[in-house]
Amino acid sequence: MCRECNDKENPLSRADYVSVDEMRNIQLTKLKKIVRHCYDNVPLTRLRMDEKGVKPEDIKTLEDMRFLPFMKKTDLRDEYPKGLFGVPMRDIVRFHCSSGTTGKPIVVGSTRGDLDVWIDGVVRSLVMDGITNEDILQVSYGYGLFTGGLGLHYGGEALGCAVVPTSGGNTDRQIMLMRDLGVTAIACTPSYFIHIMDEALKKGVDFRKETKLRHGIFGAEPWTDEIRAKIESVTGIEAHDIYGLTEVSGPGVASSCRCHSGLHVFEDHFYPEIINPDTLEPVPDGTWGELVFTTLDRFGTPMLRYRTRDITRIIPDRCDCGRTIRRIDRISARTDDMLIIRGVNVFPSQIEAGLMTVDKVLPHYHIYVDREGDLDTIEVKVEVTADALGDQIKSLELLRRTIAEAIKKIINISIKVTLVEPHSLPRSEGKMNRVTDNRKK
Amino acid sequence: MKIKQISLFLENKPGHLNAICRTLAKAGINIVTLSLADTQQFGIVRLIVEDWERGRDELEKAGHVVNVRDVVAATVNDVPGGMADLLDAVGAVGVNIEYMYAFSFRTNDKAILVFRFDDADKAIEALKRIGADILDASTLFSH
Amino acid sequence: MNTVPVIENRFWQHDAECMPRPQLESLQLQRLREAVARASALPFYQKKFKESGFSPDSIKTLDDIRRLPFTLKADFRDNYPLGFVAVPRSEVSRFQGTSGTTGKPTWTAYTRGDVDRWADLCARFLVSGGLRPEHTVQISFGFGLFTGGFGLHNGIQRVGAAIIPISSGNSARQIMTMQDLRPEVLICTPSYALKLMDDILSGNIDRASIALEHAHFGGEPWTESMRERIESGLGIRCWNNYGMAECGGPGIAGECAYRNGMHIQEDHYIFEVIDPDTLEPVKPGEKGEIVVTPLTREAMPVLRYRTRDIGIVYDDGECPCGRTTRRMSRIMGRTDDMLIIRGVNVFPSQIESALMQCKAVSPHYMIEVSRPKALDEITVHIEMEPSFFSDSMREMQQIRENIDRAIYGATGLHMVINLVSPNTLERFEGKSKRVKDLRNLKF
């Protein structure tokens, strides 16, 4: 067992430790209820179940879930704004949105009970991270329709933390109040934290000496273990991974524990499956595939088998922390992010992992994909430390080649590497877009 | 070989540029060339005048913010690639161009380029090496 | 006084809002004693009490409040960051903030109980101003440290209506959301409502596609003529409420269905109106500076906060709505130079202290406030320091960016930065008048 992992005594985390049998019973009871609820209240689900010839009473075991139809992001778009709501409007107390594939966002409505389920996931994530009511939590996620800000806010408040709702932006001020208030934990996107970290270093702020920051709760975009290592070594904080998506609630669907070995899914609320995205068949534990969630106790916008587009696997064995709830592997790739370069599948996270293995490389990069004639080209522009640039042309060339080889080792194709000055690439105060694919134009 | 250039801060309000020109005219100072760079909020006027010291004094006396810089003036050959040759020469020795502008005295004359380099001496050396025609103050003002 | 309600007269906490005066006043007295006891845990008040020889247990009547010291905005700065927090850190549930007079903000802290009471106080004015549990509400206030967003959010959640926490900005998206999710209630600053109205009226948008019935405004003062304009332009009812972060945020006072001014939530706040020069109470019904004492705040027990807001507490008898609480006028101005720009409080001293961090500027500047369309804008004219003038556009742009960044860091607002030549701005002898307000607002 690793660092203060076991929160078995904490009543907030009780569900993390129930026996597997008990968990399956809870899940089955909830599943039957939510399937009935969807069939009775969501016309699209009823239509699709009827088409497949499945009735709610056919669901007798958890395995029977495979007979149910899937939901996709496009369904939320097509049924915009309220077509997938499972309750009358008077029972909806909150709307949240996520960007859609077209001009209209996708809308998710929650009942009061749905909000409780969401916040329960956030609270259990924070407990897993070692956050307590003694912590001062700065929430630098954007507040508003995006679930990041309000989710972490109400989770922190429910746990009894003092919450500082700074929202995103105005980095100078974020750093000032982090120091002035003695903030001990921050929640934001990993890319924004890296930006805060850079700006603080530029001002000569030493995180270890001048702040009380101990925890970072990072999510809302894919990131890698290599970036985690970089953040931890520069700032001395412990970087945690929180996962979630607006379509099934928000942050707090799954979270890393202090073993930092995958993310525990709060599966009493969100039932995970991994499917083969081509055949749509479930795959055995341990096999990589697309993550699918069924919301077991959300009634406002209930989701049966929602295809997340995120790629991961269920980690087959029990975590050292002692929790019985299942783990998924870190999500560093989405099927949506996948680039096909000359027929090879490439994920931006793979390029990131390669970059971060090389000394003098900063965690700021941007990937450009283009097509010259019939050939796909891929280039990564990456910031390197000022002293690396000050060197002779010969050593710059060597650095460039080292990076290219480190990436090639992972993705098996050659990539053009361009070194740029520190602070020359755009920064983000929220979710970061690191890929420009000019082939789509 | 370097030439003094006077630059002035230009507020974004009517009549400011006019006031600068009038101050120099009153003092009998002839403007060889003038270039203007501007944004929505303010501008920078860059001037080359024959008696730059007197020009600076008169402008400062009139309340303008003045700054004097060394620039390099070179003629450019009227053939394709004439300009590119100059730029290549300074680029090869790692000198950056902060800004440049061009003018000519009469039609049919060769264009004269005015450069501000981050390292003027190094740039002049490189330009000389390719045989570029660099103008000194007396040649420039004899036109 | 209006004797006809504009909408149905409703209550959130009827018994508290309509408590008989004698009962209300004895509750106030008891709570005032408790508030003074909480405040006497703070070194700031201990020192003040000692100086004036005041004994915290000597409050016998409500008039004894006048023996308490005033609290000024500057006191928050002098006791920065948390000198007014009277509970251990683990009991603080929330921090919110507002502008300070220099680069540092003023923090306001809440216990769980404070957040809970705050939700009810906001629910009171929301319900008296038309909010129903079956409504959908679009909150177009910025969230974050600003008390407006969260105060109203918690109040609406308490009532049970559905919230669209869209936050501020992007009016095209705001209007699209109004059409798609059909909220009945809008929460924003009055100037932003004007902008949305202009966009709706000029944007060929079918009024029937928008379900709005009510708007609750806050964050900045507004006028009766703005109310008429927006109510007739959009065909909705607009409601006013009052509050400031230092005393807990919105929910301190709000309008009822009769619109005879704003009912002060007197079971949680004591109001005084003083002459800002003599510091003596004005005659009943006269204009003066409003002084607020929150009675039930645990985390930050502030006493006699001088708001610098100018207003009237009415003395013309009971409102027909049945509430027994006294009422206040709209805010008619300020006794200091604070500006309110797009809902954000800005002190000229904040801008000055930001400018002084920038090497390239002289200490001569002028602040100009204008309203080019519906939204306010600040232009800062600054004389540049001649030695920093460069002939390189890049360096000059850098100077402007540094100034912009320093001001944004201090105020949270981007302003128009206009560099001007030295010795061109007006010079002042004695107290400078460095702020020109071109908006011509009449309250």
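## Which chains touch

Chain A and chain B do not touch, and their nearest C-alpha atoms are 12 Å apart. Being in contact here means that the C-beta atoms of two residues, placed from the backbone, lie within 7 Å. Two pairs of chains are in contact, and chains A and C share the most contacts. This is a predicted model, in which local features need pLDDT of at least 70 and side-chain atom pairs count only at pLDDT 80 or more, while totals for chains, interfaces and linings use all residues. Residues are numbered from 1 along each chain as its sequence is written, and chains are lettered from A and ligands numbered from 1 in the order in which they are written.

## Where chain A meets chain C

How many residues does the contact take from chain A and from chain C? Chain A gives 27 residues and chain C gives 27 residues. On the side of chain A that touches chain C, at least two residues come from each of β1 (92-98), α5 (147-159), β4 (162-164) and α6 (171-180). Labels like these stand for DSSP runs numbered from the N terminus: helices (H or I) have at least four residues and strands (E) at least two. Strand β1(A) gives the most to this side, with four residues.

Sorted by class, this side of chain A has 14 nonpolar, six polar and seven charged residues. The classes work like this: Ala, Val, Leu, Ile, Met, Phe, Trp, Tyr, Cys and Pro count as nonpolar, Asp, Glu, Lys and Arg as charged, and the others, Gly among them, as polar.

## Chain C as a whole

Let's turn to chain C. Its secondary structure comes to eleven helices and 20 strands. The C-alpha atoms of chain C fill a box of roughly 75 × 65 × 45 Å along the principal axes.

Of the 443 residues of chain C, 49% count as buried. Buried means that 20 or more other C-beta atoms lie within 10 Å of a residue's own, exposed means 12 or fewer, and partly exposed is in between, with C-beta atoms placed from the backbone. Among contacts in chain C between residues at least 6 apart in sequence, 71% join residues at least 24 apart.

## Two domains in chain C

The domain assignment of chain C gives domain 1 (1-336) and domain 2 (344-437); such bounds come from an automatic or database domain assignment. The centres of these two domains of chain C, taken over C-alpha atoms, are separated by 32 Å. Nine residues of domain 1 of chain C are in contact with 15 residues of domain 2 of chain C. Helix α8 (residues 190-202) of chain C supplies the largest share of the domain 1 side, four residues. By class, that side has one nonpolar, six polar and two charged residues.

## A four-stranded sheet

Four strands of chain C form an open sheet in the order β19-β18-β17-β20, with mixed pairing. Two strands pair if DSSP finds at least two bridges between them.

Strand β18 (residues 377-384) of chain C runs parallel to β19(C), and five bridges join them. Val380(C) stands opposite Ile417(C) in β19(C). Helix α10 (residues 348-356) of chain C packs on the sheet, touching β17 (361-370), β18 and β20 of chain C. Helix α11 (residues 393-411) of chain C also packs on the sheet, touching β17, β18 and β19 of chain C.

## Some backbone details

A cis peptide bond joins Tyr80(A) and Pro81(A), with omega about -5°. In chain C, the peptide bond from Tyr80(C) to Pro81(C) is cis, with omega near 0°. Pro81(C) lies in the loop between α4 (73-78) and β1 (92-98) of chain C.

Ser167(A) is not a glycine, and its phi is positive, near 60°. Is Ser167(A) buried or exposed? Ser167(A) counts as buried because it has 25 C-beta neighbours inside 10 Å. Arg304(C), also not a glycine, has a positive phi of about 45°. With 18 C-beta neighbours inside 10 Å, Arg304(C) counts as partly exposed.

Definitions and conventions: Axes fitted to C-alpha atoms, helices over the stretch in contact; angles between N-to-C directions.
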